[in-house]
Amino acid sequence: MSAAPRLVKRVVRRELHSSRSGAAVVVALLALLATAWIGTEAVLAALGRPALLLSPAAMAAGVRALPSVQPTPLVVAGAVLALVGVVLLVLAVAPGRRARHVVPGTTPTVVEDAVVASSLVRAAADAAGLDPDRAVAVVGRRSALVRVTPTSGIAVDRGEIEKAVADRAASLRLQPAIRTRVAVDRKGKIA
Amino acid sequence: MSTDARGRDVVAAKAMESVVRAVTADALGVASKSVQADLDDDGGRLAIAVRAPIRVVSIDRLQREPAALERSGGSVLDRTATAERTIAARVTELTGSAVRRVGVRITGADVSTERRVR
Amino acid sequence: MNATNRGLNRLFLGVTGLLLLAAGAVPILLVTLAPVAQRWRSTARSLSGSAPDWVARPVTGSASALVLGIAAAALVLVVLLLVFVLRRGGGRTGTAVERSDEAGSTRLDLAVPRALLEQHLGARDEFSGVHVAAYAVRGVPVLSISARCRRGVSPADAAELIGRAVDDLGRIVGAELPALVRLSGGFRLGRNTARVA
């Protein structure tokens with residue numbers, strides 16, 4: 001019994017991707033500082049007061065004399081600016097997927113991958129008869145790896161663990177679905 | 001005398017407020033003192049605005065016995081709609097004033113978890 | 001779930017990125033391509049010789065009309081940037097349901113679904129904490145149910161539990177309340193690693 005599914009679908013999509021608010025705010029604040037400085041220099045010039053760092057006349061002179069600057073610092077400065085520009089472009093365009101998955105159901109649910117990992121760890125540990133401390137899971141977008149560290153001298157049934165983890169993952173019906181893999185450490189832990 | 005008339009109006013207004021609060025409290029299953037009522041004139045007719053919490057069954061209770069919802073009077077929105085109609089009817093009946101609109105705002109829920117002792 | 005305009009964020013980053021890229025390309029071109037440097041120098045010479053009035057002649061103090069124009073533009077830009085920074089987020093609402101017609105209006109505060117859900121879900125072993133809020137999405141209030149799962153809890157179990165609670169909430173309230181559930185918690189280390197200790 002879920003209401004307005006299209007509306008909530010839109011919300012779910014937003015939950016799965018970064019809003020880029022962090023980067024945007026940082027860039028905006030830096031741009032604000034730069035713009036405020038230029039504006040201040042212009043106003044100071046209009047008031048006939050001395051400049052803070054560079055008066056408009058000095059800025060113009062600097063621009064005119066650009067070709068005369070030493071090539072190395074010029075290239076380095078240009079490269080740095082261009083690099084930052086590329087990074088921002090990438091941020092703007094890349095999807096920025098968050099470490100989350102969707103659990104289908106009547107009420108749309110978004111689950112952090114850490115919770116999925118914890119659940120897989122529990123499934124693996126229970127199947128192996130070990131403490132959950134002995135297992136670690138890493139969950140990616142479409143796959144998950146569970147690593148189990150058995151107790152020295154006591155063998156674990158790898159097949160059982162794989163089945164348990166795969167069953168647990170399947171029961172979650174995550175979107176996108178994850179393939180599971182289990183790795184059993186050859187070196188066990190002493191009790 | 002005009003002072004008497006104003007005095008009577010004040011008393012009448014307070015009385016109406018009390019009526020509204022009592023009716024609301026009864027419909028929503030809460031104490032009269034937790035209800036706030038504001039009566040205003042809207043083009044010669046009454047505009048009533050009420051703010052109150054509502055007593056509801058808990059989700060636990062509903063899951064244990066689905067019939068509890070009906071016993072409590074129905075859904076929140078149903079009870080609120082009934083309250084609105086009742087308020088308008090009672091006020092008109094008692095004061096003769098026509099009611100232009102009734103606005104109810106449920107500000108909170110008094111969640112009952114125990115079995116009601118009837 | 002908030003009202004942040006994500007498209008605007010990305011547009012802003014993209015535009016700034018392009019500007020920086022272009023700005024960074026200029027010095028590199030100046031150094032690597034001699035004709036560019038020559039053109040630059042000759043343009044600079046001719047401009048400093050015979051720059052138009054609005055560029056060179058001081059109007060106030062030592063500022064020409066161009067400089068004043070830049071000051072005004074900078075002010076506008078600063079205000080726009082400030083507005084941009086301050087407008088992030090928002091969209092929260094304290095109302096869960098709002099209906100109105102000729103005869104009156106009915107409004108349910110968020111406190112109602114919050115009390116019901118937090119009472120029910122807070123008592124469940126599966127969660128160490130539950131928080132209910134509401135955001136207006138395209139004008140419609142949508143509940144945001146954030147639950148912190150204890151270690152090892154299956155997200156499917158958690159989702160089903162909460163889903164049933166939301167359905168029951170809908171029955172108690174008498175209207176379907178759109179809701180989004182967010183499950184967090186589970187473990188201790190890292191982003192998507194669980195070392196349960």
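Student: Which residues of the largest nonpolar core touch the most other members?

Tutor: In soluble globular proteins, nonpolar side chains tend to be buried together. A nonpolar core here is a set of buried Ala, Val, Leu, Ile, Met, Phe, Trp, Tyr and Cys residues joined through C-beta atoms within 7 Å. Buried means that 20 or more other C-beta atoms lie within 10 Å of the residue's own, with C-beta atoms placed from the backbone; exposed means 12 or fewer, and partly exposed lies in between. In the largest core, of 97 residues, the members touching the most others are A:Leu120, A:Ala124, A:Val146, B:Ile48, C:Leu116 and C:Ala147. Helix 5 of chain A (residues 113–128) gives this core its largest share, 11 residues. Another core, of 14 residues, lies apart from it and includes A:Ala23, A:Leu88, C:Leu13 and C:Leu20.

Student: How far can I trust the model and its numbering?

Tutor: This is a predicted model, in which local features need pLDDT of at least 70 and side-chain atom pairs count only at pLDDT 80 or more, while totals for chains, interfaces and linings use all residues. Residues are numbered from 1 along each chain as its sequence is written, and chains are lettered from A and ligands numbered from 1 in the order in which they are written.

Student: What is A:Ala124 in contact with, beyond its neighbours within four places in sequence?

Tutor: Two residues are in contact if their C-beta atoms, placed from the backbone, lie within 7 Å. For A:Ala124 the partners are A:Ala135, A:Val146, A:Val148, A:Ile161, A:Ala164, A:Val165 and A:Val182.

Student: How many helices and strands does chain A have?

Tutor: Helices (H or I, at least four residues) and strands (E, at least two) are DSSP runs, numbered from the N terminus. Chain A has six helices and five strands, in the order α-α-α-α-β-β-α-β-β-α-β. Its radius of gyration is 28 Å, well over the 16 Å that the globule rule gives for 191 residues, so chain A is more spread out than a compact globule. That radius is taken over C-alpha atoms, and the rule is 2.2 Å times the number of residues to the power 0.38. Buried residues make up 35% of chain A.

Student: How many residues of chain C are in contact with chain A?

Tutor: 80 residues of chain C meet 81 residues of chain A. Helix 1 of chain C supplies the largest share of the chain C side, 19 residues.
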